[in-house]
Amino acid sequence: MAMAEAARAPADLKAQALRLFARKRLLSFGAPAAILAYFVYVFFAFDIPGLAERARMDNAAILVSDAYSYKTHITHDNRNGGLTMAVEGENKGTYPKGMIPDFVTMTGEDAARIALPDGYAAEIEGSTLRFDVPDYGRIVVRVEGRDIELDLPTETTPDWISASSSRVDITTPGGRAIVTRARTEVYRYRFGWELFWFTLDSPFYGKSVGELASLAVSDQQVRPGVGNLAAMAHDFWNNAMWRHKDVLWAIFETILMAFLGTMGAALVALPLAFVAAANFSRFASARFLMRRFFDFVRGVDGLIWTIILSRAFGPGPMTGALAILITDTGSFGKMFSEALENVDDKQIEGVQSTGAKPLQRYRFGVIPQLTPILLSQVLYYLESNTRSATVIGAITGGGIGLLLTQAIITQKDWEEVSYYIVLIVLMVMFMDWLSGVLRRRLITGGGEK
Amino acid sequence: MADQTMSGADALGGVDRIRENYLAMARTRRLYGGLMLVVFIALMASGFIVADERNAGGFWDGVLNIFDFPAEVLSEAREKIANLPGLMVKFLPSLVETLNIAAASTLLGAVAAVILSLLSTRGLARYPALIGVFRRIMDVMRAIPEIVIALVLIFVLGGGPVPAMIAIAFHTAGALGKLFSEVNENASLKPLEGLESVGATWPQRMWLGVIPQVAPNYLSYALLRFEINIRASAILGFVGSGGIGYDLRNAFSWGQGRYDEVAAIFLLLFLTIVFFDQTSSHYRNKLVGRV
């Protein structure tokens, strides 16, 4: 008997090992093959071949160039006359009377010469545009009654000019010019975010850092009755182009949503978790109901809660905070009750042996064991909810998420979009850092590590 | 600490002093605790007031109306209850698209995360000098909310599932990368030394020496991420990418008369999320060896 068993064992073992090898081999080739097959399916399900057609690379180019540069519009109104110069062509960025950009020289009432980079140059005289392109020559565009005439130095029209009888569009690396019946317009691109600090109507516009610093300490008040530093702060804060005030408020709203939602959820979930924990709740039915409640609240996604709540509360930070609160009550309840089930009974017994009443038992026997776990989870969620609050803000309309979606929908203020993106990233990283610092401070109880 | 262990000459006075010190410390501790509680309550209360002021509808009005909308949806859904199964079948393809976005982005993100995490773990990194750089890259990837990338890509690529997939994958790579590198730190280096001694290259060492050790933890985190990404891809659908979120927005902005569709989508989404929650938590527990 024993010998037969011993003889069988190695053979069995060998077979077993072979089976294991076979399974391993299958897994190590099968899993990548399955993933690859899935990607092939996704490739066609998402219509990636058709993506190349739908992709608007010109949009991408606009986006990238707008994100780090700005353009100044020099516009002649061909119907009513008059020359205006405006950053990004916006009302808020229009140069006031008597102030012109440094690359423009006025040559008459309705005429101006515009210096463009790389040897390009443009001249507007009334409705007539003269555009000089190095190594090509001078393009002249005239508006004659209802037609637009184009004079080129060559016979054929190059592909960077699109011309019809109602519109001429010249796009060059040095700048862009558009002539229609309504207006003759030249765009000059420049690197940077113009008017970021001060708008054109501010006396501090165009001053260097050194000049501003000396102004800040000087006694001569630029705006009578207001200190220079206060005036600078006021002009920056109320910058109509970049709206620093609104942006900062939006960031604050977003953080507020995350803070109220996360902390509120923790406060609501803590007592409920006691009901759901097996070692604290005597009624199995109450436990079951509470757990299903947590599952339900988590299962009804944040998206659905946001939609439901935005109907009741309207757009704003309160809606976002409540949506986070409700969703996270489920997650916290589940995690807290699991943590409660893992507490050490010995400490509770110790507290009980000194004659503590139930509430005191919880306070001194349970809470101290729980605090590190709870705090670390709550702080982790605080950081991740800052991101969620951005998304929720985009749906309900509040905070930086709203500003971002608005800026993207207008499809032209890409420098503002990149400004918001930078701010969002900084905000999330700040919250990440803050929650890390708090976690170390509060949980290890001191500076070490 | 050191100055308290003095000679036993005045042991009695020492005990008194220690007790006094202890009580003083307990008092300051309690004071700090109380102060922090007061600050916290003040923050919560003022935050609540500010949020309430800046909201379009007030909190107290809203609380009373909170069930109005669900009641409307439910009553309309009850009227047209016969439509529900049909509608759920109708929205199934969108649901599959949402799931596909989540799955593809989790896979792509996880692959990127594995590489990033290996490059940013001390002891494993290919270029030890660049560990900090790769960590910062992951921090930034984690910090950018999906919606930002999705909205920008929708502008360039047009609507559809691809912007959402890229956006979620990008964020996933950062989030998983951090978790993976924490796992990597606990991996034993002995198999690596063995492999190195027989002349294995860096990719071989990682693939044969590290991955088998950490694969269960990787998988467990990736499953958790998949759950999160299902929710994220539903939300991104709502702001313009494809999937069930997009259908939900259409039905929702149509308003009354299409609430049966809203109900059907709510139900589908709810069931899907609960199903994947339960399945993934079951397998996660199995993977990391808990009951």
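**Aromatic pairs, a hairpin and nonpolar cores**

Visitor: At what relative accessibility does A:Trp249 count as partly exposed?
Guide: The model is a predicted one. Buried means under 20% and exposed means over 50%, with partly exposed in between. A:Trp249 counts as partly exposed because its relative accessibility is 33%.

Visitor: Which residue has its charge over the face of A:Trp249?
Guide: A charge sits over a ring if it is within 6 Å of the ring centre and within 35 degrees of the ring normal. At 3.9 Å from the ring centre of A:Trp249, the residue over its face is B:Arg54.

Visitor: How many aromatic pairs are there over all chains, and which kind do A:Trp249 and A:Phe252 form?
Guide: The count over all chains comes to 24. For A:Trp249 and A:Phe252, the centres lie 5.5 Å apart, with 85 degrees between the planes. Planes over 60 degrees apart define one class, and the pair of A:Trp249 and A:Phe252 is accordingly edge-to-face.

Visitor: In which helix do A:Trp249 and A:Phe252 both lie?
Guide: The two residues are three residues apart, about one turn of the helix. Both belong to residues 244–276 of chain A, which is helix α6.

Visitor: Which kind of aromatic pair do A:Trp414 and B:Phe155 form?
Guide: Their rings are 4.4 Å apart centre to centre, with 40 degrees between the planes. An angle under 30 degrees would count as stacked and one over 60 as edge-to-face.

Visitor: Why does the pair of A:Trp414 and B:Phe155 join two chains?
Guide: Both residues are buried. A:Trp414 lies in helix α13 (residues 414–443) of chain A, so the pair joins two chains because B:Phe155 lies in helix α7 (residues 146–157) of chain B.

Visitor: Which residue in β2(A) is the bridge partner of A:His76?
Guide: Strand β1 (residues 69–77) of chain A and β2(A) run antiparallel and are joined by five bridges. The two form a hairpin with five residues between them, and A:Gly81 in the turn has a positive phi of about 75 degrees. Four of the five residues of strand β2 (residues 83–87) are buried, so this strand is largely enclosed by the rest of the structure. In β2(A), the partner of A:His76 is A:Leu83.

Visitor: From which element does the largest share of the largest nonpolar core come?
Guide: This core has 159 residues, and those touching the most other members include A:Ile114, A:Leu129 and A:Phe332. The largest share is 14 residues, and it comes from α6(A).

Visitor: How many residues are in the other core that includes B:Leu119 and B:Met206?
Guide: This core lies apart from the largest one, and B:Leu124 and B:Phe134 are also among its members. Its number of residues is 22.

Methods. Residues are numbered from 1 along each chain as its sequence is written. Chains are lettered from A and ligands numbered from 1 in the order in which they are written. This is a predicted model: local features need pLDDT of at least 70, side-chain atom pairs count only at pLDDT 80 or more; totals for chains, interfaces and linings use all residues. Side-chain values use heavy atoms; hydrogens and water are left out. Rings of Phe, Tyr and Trp (its six-membered ring) pair if their centres lie within 6.5 Å; planes under 30 degrees apart count as stacked, over 60 as edge-to-face and the rest as tilted. Buried means under 20% relative accessible area, exposed over 50%, partly exposed in between (1.4 Å probe, protein chains only). Two strands pair if DSSP finds at least two bridges between them. A nonpolar core is a set of buried Ala, Val, Leu, Ile, Met, Phe, Trp, Tyr and Cys residues joined through side-chain atoms within 4.5 Å.
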